[in-house]
Amino acid sequence: MLRHWSGVIGRDRGGASFLAVLALVAIVVPVLNLAVPSSSALHLTSYGTVLIGKYLCYAMLALAVDLIWGYCGILSLGHAAFFALGGYAMGMYLMREIGPRGVYGNPILPDFMVFLNYKSLPWFWYGFNHFGFALLMVVLVPAALGLVFGWFAFRSRVTGVYFSIITQALTYALMLAFFRNNMGFGGNNGFTDFKDIVGFNLDSNRTHVALVLISAAALAVSYLVCRMIVESRAGRVIRAIRDAESRTRFLGYPVESFKLWLFVLSAIIAGIAGSLYVPQIGIINPSEFSPINSIEVVIWVAVGGRGTLYGAIAGAVLVNYAKTYFTGALPEVWLYALGALFVLVTLFLPRGIIGLVPAWSKDKPPGRNVESKADTAAVNAGR
Amino acid sequence: MLGTKLQVRKRLSSGGPWRLALLLALCVVIPLRSQSPKDAAFLVTLGQLREASYADKAGILEKLGQTGHPSIRPVFQALLEDRLFYRNSDQKVFIVKAADAVPLSLIDPITLKNAGTASPDGMTEIGVNNALRRVLQIGIARFGLSSPDASVRLDAVRQMLHSLDDSSIALLRERLPLEKNSAVKKEIATGLALAALDNSDPKARLEAVATLRDSLSQDVRNRLAALVVKNPDGTFAESDPKVRQAAADAIAHMDRWRSFYSGIETLFFGLSVGSVLVLIAIGLAITFGVMGVINMAHGELMMLGAYTTYVVQLIMPGHIGISILVAIPAAFVVAGLAGVLMERTIIRYLYGRPLETLLATFGVSLILQQGVRSIFSALNRAVITPDWMSGSLRLNDALEITYNRLYTVVFTLIIFFLLLLVLKRTRIGLDIRAVSQNRAMAKAMGIRTEWVDAMTFGLGSGIAGVAGVALSQLTNVGPNLGQDYIVDSFLVVVFGGVGNLWGSLIGGTSLGIVNQLLEPYAGAVLAKIFVLVALILFIQARPRGLFPQAGRASEDK
Amino acid sequence: MKCKSWLAVPGLLLTGMLFANVAAAQDNVIKVGILHSLSGTMAISETTLKDTILMMIAEQNKKGGLLGKKLVPVVVDPASNWPLFAEKAAELLEKDKVAVVFGCWTSVSRKSVLPVFEKDDGLLFYPVQYEGEESSRNVIYTGAAPNQQAIPAVDYLMKEVGVKRWVLEGTDYVYPRTTNKILEAYLHLKGVKPEDISINYTPFGYSDWQARVAAIKRFGSAGKKTAVVSTINGDANVPFYKELANQKISAEDIPVVAFSVGEEELSGLDTKPLVGHLAAWNYFESINTPANKAFITQWHAFIKNNKRTTNDPMEAHYIGFNLWVKAVQKAGTTSPDKVIDALPGLETPNLTGGMAKVLPNHHITKPVYIGEVRADGQFNVVWKSPGEVPGDAWSDYLPGSKDIEADWVHLKCGNYNKITKKCSGQNYK
């Protein structure tokens, strides 16, 4: 079996080079940020460190979306909801960690609760002062939502564009709910002003570097888990579901169960990505739930090249880097640049950026037409 | 004249030239002094408005009103409309024809005739605040009582009912026997009945309550409610128990009717919210439902329509009234052309890959947003509501329907049925349906499928543009207009059943009504959340929407 | 061949990421950062502020720059996205190494950049009216605190207009929530009964105002003079005012006083039906002083458009920029640490004939004006405060904040509790 798996990794050239880059990042970042002095041109500022950490979290989110979209044909236009839920869970822990160091000095209640005249902590905040509990919630809450939503949706055979739109409705409803100031989640301002995580000061460079390393590790592990799933026998069933759902069902495979478990796994990966994102960015806010965010994730995956896993990661890093670069270099007209990028990629790079590298294209399952037929079928199913 | 002078001379031959001079002087001077003492007093009081504080101005306006001068009404009207100025050089007060004209054309406040022009720099406006505007409106309303136009009289009486005082009551009493119009008569009777509630005779009060019973006005209800109020010492504001009972009955009667009308009002709100949803969705229903293209730039096409309205109003600033009617076809053309352009350059390479169209159209939406920002600036643009669309239709005292929403509902229905007509009865509609059902067959039958594709997309985009015209009357016109509506439009299309126009109509309307029914109880946010959750659950019960496409689609492989 | 093409893409990515890091070195200029949204929902309000600072920089360069060096603007677009604000702030401070930043509009954007400024010891001038409850060493608040806007407006309505019933209508976020909390406490203090106060919140971008405006109409027809205190945010104001006009609620019946509607917002509206409604600010374009006239002329020349309006946040940036220039000249350096120490106590003229002074709590003194909307989109001043009002970061009407004071000169603390004598929250160095 080990030989089987090592064979899998060996054949996955794209993935192997990706993992190599990740390892390189994991070495370069601490060195350039902590060891190289700030006067040197090679020094990586904490701005740069946080940026890399952010890209890694987004890459994980894109990976989660590619897993269900590229391999199973489930287009979720609301995946940022799971990302945000994981982020909020971590945020709740970080808020409780502030303790008496808040603006109003209340040891139990976070600042926004004091301000809104809460007398005591709402029940759903209990336990978040323990890191372990918070980690558990980071996994369980997105998983629970994914499970409930997915169970109802897949069982009713909601597919294609209908599924996509109800995921939009889901994330939109969550956004409206979390924007409400009386929900107990900080309302429009969200959570901010974090002090430390598990005792480590969130202002220090060392903590940020550590978070980058953890994000890189999480990304690598998620990648390997996803790769193992899609290369296994279960993976073949999943691809069959993408290409010909009814036929797979008639062959006797429990299609709904496969979809559900894949969806839940994807939600968990997204949630973990969100929980790593929040301590690095320093704020979590309901606009993370906004429907446009989820659409952007799908854009990253499409630009990178879906159905390859490492393509999604590349897409996430590339598009976000483009956004960072353009909003700084061309602040007045960056939307033209980004919009043009999307249009050109769709027209000329139908397999995404990854399609540019012929060496990796062998990894992709054959037949672009198969995918597009599945999409057409999915959309036609709703017409 | 010479004759008199000669006669005078003969008579005064012994008087001396002094008396002649005096008489001559009087002959010349008297015609010059054509202003009566009344005019002079009026002018003096008017002049006091220049330097007075807001508080003092109210007193001055009272004094002006009491002079009974014929110019009171035009002066008050001018002051209300910020058209009363004084000239810096000689401090004389003038009415101005239009406050934003350059140069300002002046009107003399006494003769009400043209008095020349002046540059805006040489004139200072006499300002008013809200309290003064109130005083002016009531003053003008009193004049309105004798206007030949019945609607002006009605408005005047209503204005006076807001704040009845003795002089108003006296005027109304005077007017009642002279009034011929029944609606105005009823209002006056209401006003007098309200006054009679203070009468010392309980029978008169009872009569007054009986008259007021059928009124639906909030003012009347407040006044009746004040009668049954219990004072802290146990006594009632109204001493006679029979009158109290009658008042309580009247209030209950009024409340029943008022809540009935309030229900109708909520229903109307729901219809109007729903009609907006339908309007933004039917364009999408075509591009999405008929062509399978996920058009993320749909919102921006609506934005283009809204900006077209703005541009039309810029081009024809004097004709705001018909600007909307001109803007509708203009927006259709502009958005339609944009759609056709999009289709020809980008989308036609992506048929069969609907999820790629999502990506590409998202890119186009970013470009369109930035384009509008570059051309028009990032600020919101002011789109003026034409007069025939402003204000509201007053069905009765408890039910007023705003015109812009009413026209939106009517407009939506017209567009919907037009679209249905195009699709079902015209040649191009037939072609569109043929191509969407079976492209290969349609091609074999000789239909130019590429041309039909472009036209279909153009049609859907054109409808989006027209929706933008309606939206420009209801909300901001800015680069973010599209983003506010895109999620809702997809939700409506999916709810109704992709590809089904009737589904979009019924879906959009019902979503709007449900949302508005919930709002008074749950608040705006919770109502929206509830609608979204209900939608999610609904799709799970009916995975293909309200009106699914009949038959098995090509899902089976 | 295969090996090389392997590494092409990741190699490019890595180099790109490192490149993002390298700062351009320029010693003979002073960089000024501008952190305002140029796209997204806030672009409508913030683009003008970017242009204002560009104008001030050009003016200062004409006068010979600062400390003998030219001023160079560094403009970034955080795109109304709050995490992007933090990222761009870090980019300005760490990569571009700017000496000062003028930016932010919403409280969320300010709160998300605050940790960055405090960690990197930068200096931010924040020009927008906000809810208070904050005082950071690294921020100078040139916009109004609630006691410089909301409280005087309520006083005016109570005393001059005789309002007895109040509708507090806001968008659901922290600025309206805080302001309404303060106002509610203030109204209770002045003897207004709870049943005469109606507080309501709507989501951002809310446009279906029919039901809500009808409810306001009903609330206002109870026989007592009613007014609406509106903390409705930006975009939702247009449909709100349109609906007020359509349901024929005139300013004489139920006046609406707004804190987020200025000349710029009115320029996107048809103002004829709004005549008489009120706004409370510390500056109006219609105020006739030589300084204001000169500023307006300068603005029209810079933006090449005579129809563009000026507004209160622009004046706040005007004041902030001049204060910064004075502080740099006083300290002799652009190092934020020293400039921050030099700021409290400095004064500069505002555009309405008075002086703006920096207080130890990092707020400034501002005059208060109440204006009524005119048909031409300008405001008619109907009330003016007797002098400048000093900004109070911690409202005296809220139980949690009335014991807190901010003093960066003597106490060196942003939220010092006078009762417990402890300094908590933001107390850096």
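Predicted model: local features only at pLDDT ≥ 70, side-chain atom pairs only at ≥ 80, totals over all residues.
Let us start where the chains meet. Between chain A and chain B, 59 residues of chain A are in contact with 52 residues of chain B. Together these two chains bury about 5,000 Å², and 72% of that area is on carbon and sulfur atoms. If you look for salt bridges across the interface of chain A and chain B, the count is zero.

Now turn to the interface of chain C and chain A. Here 50 residues of chain C are in contact with 56 residues of chain A. The buried area is about 4,800 Å², with carbon and sulfur atoms giving 62% of it. Between chain C and chain A there are two salt bridges. Lys50(C) forms a salt bridge with Glu332(A), and their closest N and O atoms are 2.7 Å apart.

Strand β1 (residues 29-35) of chain C runs parallel to β3(C), and four bridges join the two. Within that pairing, Ile34(C) has Phe102(C) as its bridge partner. β3(C) also pairs with β4(C), again in the parallel sense, over two bridges. Phe102(C) turns up here too, standing opposite Phe125(C) in β4(C). Follow the chain from β3(C) through α4(C) to β4(C) and you trace a right-handed β-α-β unit.

From the strands, go on to Leu66(C), which sits in the loop between α2 (43-62) and β2 (70-76) of chain C. Beyond its neighbours within four places in sequence, Leu66(C) is in contact with Ile30(C), Gln60(C), Leu71(C), Trp324(C), Val325(C), Val328(C) and Gln329(C). Take Val328(C) from that list: Leu66(C) and Val328(C) are 262 residues apart in sequence, yet their C-alpha atoms are 8.0 Å apart in space.

α6(C) is mostly covered, with twelve of its 16 residues buried. Among them are Val174(C), Tyr175(C), Ile182(C), Leu183(C), Tyr186(C) and Leu187(C). What do the buried residues of α6(C) pack against? In chain C they meet α4 (107-120), α5 (150-161), β6 (165-171), β7 (197-202) and β8 (226-231), and they also pack against α5 (111-115) of chain A. After α6(C) comes Gly191(C), whose phi is positive, near 90 degrees.

In chain A, the side chains of Arg227(A) and Glu231(A) meet at 3.0 Å, N to O. Arg227(A) and Glu231(A) are about one helical turn apart, because they lie four residues apart in helix α8 (residues 205-231) of chain A. Arg227(A) counts as buried at 5% relative accessibility, whereas Glu231(A), at 26%, counts as partly exposed.

Another salt bridge of chain A joins Glu296(A) and Lys323(A), whose closest N and O atoms are 3.3 Å apart. Glu296(A) lies in helix α12 (residues 291-304) and Lys323(A) in helix α13 (residues 310-329), so the pair ties together parts that are 27 residues apart in sequence. Both Glu296(A) and Lys323(A) are buried.

In chain C, Asp337(C) forms a salt bridge with Arg137(C), with the closest N and O atoms 3.1 Å apart. This pair links distant parts of the chain, 200 residues apart: Asp337(C) is in helix α12 (residues 336-342), while Arg137(C) is in the loop between β4 (124-126) and β5 (139-141). Asp337(C) counts as partly exposed at 33% relative accessibility, and Arg137(C) counts as buried at 13%.

Note on methods
Residues numbered from 1 in each chain as written. Chains lettered and ligands numbered in written order. Heavy atoms only, no water. Buried < 20%, exposed > 50% of the residue type's maximum accessible area, 1.4 Å probe, protein only. Contact = heavy atoms within 4.5 Å. Salt bridge = Lys/Arg side-chain N within 4 Å of Asp/Glu carboxyl O. Pairing = 2+ DSSP bridges. Right-handed = clockwise from strand over helix to strand, strands pointing away. Buried area = accessible area lost by both parts, 1.4 Å probe.
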